[in-house]
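I opened this entry to record what I looked up in the model.

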Amino acid sequence: MPPDRGGYGAPQPRPPSRTPLILSIAGIVCWFIFSPAAIVLGLIAQGQYRNQGQRDTLAKVAWIGGIIVLALGIILVVLQHHSGPAHSG
């Protein structure tokens, strides 16, 4: 008679969640809509990738891209403000 294994056999490994992938892609889409959201979504996705033991490259692209787009937006606003129409007096 085979030894008792607890009745259910070995636990099946859970497949990796698709949530980090979805968050990463949403973060990249947010670059042009609302870059702070891209940063937040990318960081959340990165944490989830790491918890699953997966590579987090796409999540890094999302949050780093969000930072770059946000910085460029700020620079453009500052430059536009300083080069505004001249006052005639």
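The model is predicted. I began with the buried residues of α3, which are Ala-59, Ala-62, Gly-65 and Gly-66. I then looked up what covers these buried residues, and found that the cover includes α1 and α2 (35-51). I noted the general rule that an α-helix has 3.6 residues a turn, so residues three or four places apart point the same way.

Next I checked the dimensions of α3. Helix α3 runs over residues 57-82 and has 26 residues. From first C-alpha to last, α3 reaches 37 Å, close to the 38 Å expected at 1.5 Å a residue.

I went on to the chain as a whole. I counted three helices and zero strands, and along the sequence the pattern reads α-α-α. Of the 89 residues in the protein chain, 20% are buried. I looked up contacts with a separation of 6 or more, and 58% of them are between residues 24 or more positions apart.

I found a nonpolar surface patch of about 590 Å², made by Ile-25, Val-29, Phe-32, Ile-33 and Phe-34. I followed up one of these residues, Ile-25, which lies in helix α1 (residues 19-29).

How values were computed:
Residues are numbered from 1 along each chain as its sequence is written. This is a predicted model: local features need pLDDT of at least 70, side-chain atom pairs count only at pLDDT 80 or more; totals for chains, interfaces and linings use all residues. Side-chain values use heavy atoms; hydrogens and water are left out. Patches are made of residues with over 30% relative accessible area and no salt bridge: like charges are joined within 9 Å, nonpolar side chains (Val, Leu, Ile, Met, Phe, Trp, Tyr) within 5 Å. Accessible areas come from the Shrake-Rupley method with a 1.4 Å probe; for residues, only the protein chains shown count as cover. A salt bridge is a side-chain nitrogen of Lys or Arg within 4 Å of a carboxyl oxygen of Asp or Glu. Helices (H or I, at least four residues) and strands (E, at least two) are DSSP runs, numbered from the N terminus. The expected span of a helix is 1.5 Å times one less than its number of residues. Buried means under 20% relative accessible area, exposed over 50%, partly exposed in between (1.4 Å probe, protein chains only). Contact means heavy atoms within 4.5 Å.
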